[in-house]
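Dear colleague,

I am handing over the structure we spoke about, and below it you will find some notes on what was found in it. Please keep the structure open while you read, so that each residue can be looked up as it comes.

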Amino acid sequence: MTVERWDLGRKLYFDPILSSDATISCASCHNPKLGYTDQMPVSTGINAAKGGVSAPTVMNSAYSPLQFWDGRAASLEEQAQGPVGNPIEMFTAANKDSHAWNDAIKRVRKQPEFV
């Protein structure tokens, strides 16, 4: 870990650029001012889609052996792959060739502050 990588992660966490329509950031559902959650019964994602659960807090989640409410991700790195590709959370396919992470990377690379 470097300071530069930490800064990049922080910037990406608060920027909606990772969502396919640039409306939802990680902090939209995991807001530091609300205990790193949204304090809602169910969270709202892209296109005002309602999820099935509330966003869990991400406070100290790096120390948890399981991620998501159901523990389906074994690490924080594995968990981070999910929301960007989830059609309820952050992804709406623009066309049949859309791929959530490839599209997100293209958007990020177009922004000088992320290069």
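Let me begin with serine 19, which counts as buried because its relative accessibility is 0% (buried means under 20% relative accessible area, exposed over 50% and partly exposed in between, with a 1.4 Å probe and protein chains only). The model is a predicted one, in which local features need pLDDT of at least 70 and side-chain atom pairs count only at pLDDT 80 or more, while totals for chains, interfaces and linings use all residues. Residues are numbered from 1 along each chain as its sequence is written, and side-chain values use heavy atoms, with hydrogens and water left out.

Serine 19 sits in the loop that runs between helix H1 (3-14) and helix H2 (26-29), where helices (H or I, at least four residues) and strands (E, at least two) are DSSP runs numbered from the N terminus. If neighbours within four places in sequence are left aside, serine 19 is in contact with Ile24, Met90 and Arg107, a contact being heavy atoms within 4.5 Å. Leucine 18, with residues up to four places away in sequence not counted, touches Leu12, Val84, Met90, Trp101, Ala104, Arg107 and Val108.

Leucine 18 also belongs to the largest nonpolar core, which has twelve residues, among them Ile24, Met90, Ala104 and Val108; such a core is a set of buried Ala, Val, Leu, Ile, Met, Phe, Trp, Tyr and Cys residues joined through side-chain atoms within 4.5 Å. Helix H5 (residues 100-109) gives the largest share of this core, namely three residues.

Another buried residue is glutamine 79, whose relative accessible area is 18%. Glutamine 79 is part of helix H3 (residues 76-80), and it touches Gln67, Phe68 and Ala73 when residues up to four places away in sequence are not counted.

As for the chain in general, there are five helices and zero strands. The radius of gyration is 14 Å, close to the 13 Å that the globule rule gives for 115 residues, so the chain is as compact as a globular protein of that length (the radius is taken over C-alpha atoms, and the rule is 2.2 Å times the number of residues to the power 0.38). Of the 115 residues, 27% count as buried, and residues 24 or more positions apart account for 35% of the contacts with a separation of 6 or more.

With best wishes
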